Amino acid sequence: MRASNGEYYGAGDPFGVEGDFITAPEISQMFGELIGMWLTDLYLRQNSPGNCHYVELGPGRGTLAADALRAMSKFEFAPPVHFVETSEALRAQQLQNVPLATFHERVESLPTDGPLLVVANEFFDALPIRQLILTHAGWRERVVVRDRGTKFAAMPGSYPMDGSVPAAFQNSPVGSIFESSPDAAAIMYELSNRIATQGGAILVIDYGYTQPGLGSTLQAVKAHDYADPFLDPGTCDLTAHVNFFELANLARMRNLVVAGPTTQGVFLSALGIGQRALALAEASPDRREDIFTARDRLIKTGEMGTLFKVLAAHAPDWPAPEGFGGPLA
Ligand code: SAH
């Protein structure tokens with residue numbers, strides 16, 4: 001999965017109607033703007049600490065950052081910008097939208113001299129997962145093999161992995177799959193450590209689950225449709241649902257305060273997407289219908305509103321963030 005997605009994102013821009021999938025910031029400027037306001041609100045209520053850094057993980061085209069930074073600049077909040085991005089092709093595109101961005105291969109090289117305000121939209125789902133499957137002989141890792149030398153396929157490996165499965169899942173039916181993302185956990189742990197000592201907050205938006213469970217969530221997406229993850233690796237987007245339960249617990253282990261997870265619909269509605277849409281529609285009456293359609297796509301149940309979850313974690317001496325627990329518009 002790591003190799004496949006490295007190849008896939010390295011090849012260039014997969015976003016938009018012409019591409020393979022559309023993300024929230026590409027649907028409407030409102031998404032990035034509201035996140036920019038969310039960050040500004042935290043910053044102002046923390047009495048505008050010096051040396052704050054805007055950090056984004058996997059920024060795609062850089063659209064979210066450009067919209068967020070524009071909204072933040074209205075409040076004279078213009079922190080240095082750090083992008084954690086492995087794709088050279090996407091780095092080039094991000095620079096077009098955010099010319100002053102500094103790039104990082106990994107979170108470890110992020111600055112240590114001030115609070116980090118971290119945004120991750122549809123980032124964690126792109127990280128490689130590990131799956132364990134319960135066979136008649138016990139839990140085994142699901143490994144990828146060549147099926148008769150042609151197609152790739154998944155099959156149980158030969159080493160016992162029982163020790164890596166939580167006690168609650170040990171006695172499951174044969175064929176059960178336990179999924180985890182060691183990369184996601186390592187990144188969340190490192191960032192939580194940094195935020196605990198440097199100050200700041202992290203905002204994670206993605207599709208995922210909020211309670212631990214069993215089952216495979218591996219998916220391949222190509223041209224806005226599901227594809228076979230084992231066919232043509234590197235040519236489609238491989239994703240897995242994000243384990244918000246674990247991300248929240250990792251943040252708590254480093255003494256961060258967690259807000260959520262809530263749904264994207266609740267979050268954006270509480271931040272005022274309804275009012276923002278009305279203001280934009282008033283300014284551009286000819287785009288009125290498009291603006292309201294975009295708003296609905298982002299917040300409605302059955303669209304992105306409930307599938308996508310939002311989790312925030314902040315340093316214990318930072319204020320509680322807005323957007324959690326508000327009513328659905
Ligand atoms: N946040 C963007 C793009 C989401 S797609 C949006 O909402 O539109 C996933 C992004 O993560 C891409 O920019 C991809 O190149 C990047 N990415 C994937 N794996 C990564 C890794 N291990 N480290 C850093 N960036 C990664």
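So, the interface between the two domains: domain 1 and domain 2 bury about 1100 Å² between them, and 62% of that is on carbon and sulfur atoms. Buried area here is the accessible area, with a 1.4 Å probe, that two parts lose on being put together, summed over both. On the domain 1 side, P182, L214 and F230 supply 50% of the area buried against domain 2, more than any other three residues.

Quick caveat before I go on. This is a predicted model, where local features need pLDDT of at least 70 and side-chain atom pairs count only at pLDDT 80 or more, while totals for chains, interfaces and linings use all residues. Residues are numbered from 1 along each chain as its sequence is written, and side-chain values use heavy atoms, with hydrogens and water left out.

What about charges across the interface? The rule finds one salt bridge there, that is, a side-chain nitrogen of Lys or Arg within 4 Å of a carboxyl oxygen of Asp or Glu. K151 also forms a salt bridge with D228, closest N and O atoms 3.3 Å apart.

Now the ligand. There are 16 residues around it, and T23, G58, G60, E85 and N121 come nearest; near means a heavy atom within 4 Å. An E85 side-chain N or O atom sits 2.6 Å from a ligand oxygen. From G60, a polar backbone atom is 3.1 Å from an oxygen of the ligand. With N121, a backbone N or O atom lies 2.7 Å from a ligand nitrogen. And how much of the ligand gets covered? The protein covers 91% of the 570 Å² of accessible area the ligand has on its own, by the Shrake-Rupley method with a 1.4 Å probe.

Note on methods:
A polar contact is a pair of N or O atoms within 3.5 Å; within protein, one must be able to donate a hydrogen and the other to accept it, and residues adjacent in sequence count only if both atoms are side-chain atoms.
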